Amino acid sequence: MMLILSRHGNTFGPGDKIAWVGRRTDLALTAEGCRQAQHLGNALCQSGVMLGGLYCGPLLRTRQYANIIVERIGVAPVPIVDSRLAEIDYGAWEGLSSQEIIAQFGKEELEAWERSGAWPESPGWSPSEPTLAHGVTTFVEHVTRTGKDRAVLAVTSSGVLRYFLWLDGNTLKGKLELRSGKVATGNICILDVRQGNCQVHAWNIAPDPDYLSELMSKVPRRGSTDTVSSP
């Protein structure tokens, strides 16, 4: 099964303060964020990828993004809201810019999270890291059982996306060192879930219909007993 992960589109416009916003800050998409959703919908249409499921986090920005994709595709599954795709609560960092975080808590924690995904000691981050990682694992197990031989699309947020890397055979640290784990707004990641294993085919790429079409043609049909190994 091919699992397409998408970060939602832009929520900050020109001139806005760029702040850390998690599950407590329910922002809407900007006009550019809506355009990014349309672009992904167009790429899926042009590639011929048939979705066997479409999931999104509970925040407005992820639900909007998923609904715009459905409108663009025309024939697509109704988006299913799944709490396991909810963004991290950034605790004391919520609503602060990166510079404000550095001023209040020092640069070490911020740099460690950005560079290698080290969970900060600053107060209020939730859920716990093991809970977050377990939720990602059980979500992938669920969509593997229900997605059949079609692709599944999941729209979520930046912090959660890092934890899908745990499902690849290599360590999260090694993958973050290669590509930091961050995903830009509107970009996608592609995982092949097969025979109890996840393989990352692409990470943090712009939606491209030719690449999606080529990749989907190479993904074997899944077996009936596919499960996902916990990190």
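In which sense do strand β1 and strand β6 pair, and over how many bridges?

## The sheet

Let's start with that question. In this predicted model, β1 (residues 2-7) and β6 (residues 151-156) pair in the parallel sense, over five bridges. Within these two strands, Arg7 stands opposite Thr156 of β6.

Now look at the whole sheet. It is an open one built from six strands in the order β3-β2-β6-β1-β7-β8, with mixed pairing. At its edges are β3 (80-81) and β8 (197-205), each of which pairs on one side only.

## Helices on the sheet

Helix α2 (residues 60-73) packs on the sheet and touches β1, β2, β3 and β6. The direction of α2 makes about 155 degrees with that of β2. Helix α5 also packs on the sheet, where α5 touches β1, β2, β6, β7 (188-194) and β8. For α5, too, the angle with the direction of β2 is about 155 degrees.

## Aromatic rings

A pair of aromatic rings is described by the distance of the centres and the angle of the planes. This model has 11 aromatic pairs. One of them joins Tyr55 and Phe139 edge-to-face, with 5.3 Å from centre to centre and 90 degrees between the planes. Because Tyr55 lies in strand β2 (residues 51-56) and Phe139 in helix α5 (residues 129-146), the pair ties together parts 84 residues apart in sequence. Both residues, Tyr55 and Phe139, are buried.

There is also a cluster to find: ring pairs link Trp20, Tyr90, Trp93, Trp113, Trp119, Trp125, Tyr163 and Trp166. Over the ring of Trp113 sits the charged end of Arg162, 4.5 Å from the ring's centre.

Key:
Residues are numbered from 1 along each chain as its sequence is written. This is a predicted model: local features need pLDDT of at least 70, side-chain atom pairs count only at pLDDT 80 or more; totals for chains, interfaces and linings use all residues. Side-chain values use heavy atoms; hydrogens and water are left out. Rings of Phe, Tyr and Trp (its six-membered ring) pair if their centres lie within 6.5 Å; planes under 30 degrees apart count as stacked, over 60 as edge-to-face and the rest as tilted. Helices (H or I, at least four residues) and strands (E, at least two) are DSSP runs, numbered from the N terminus. Buried means under 20% relative accessible area, exposed over 50%, partly exposed in between (1.4 Å probe, protein chains only). A charge sits over a ring if NZ of Lys or CZ of Arg is within 6 Å of the ring centre and within 35 degrees of the ring normal. Two strands pair if DSSP finds at least two bridges between them. Contact means heavy atoms within 4.5 Å. Axes are lines fitted to C-alpha atoms, for helices over the stretch in contact, and angles run from 0 to 180 degrees between N-to-C directions.
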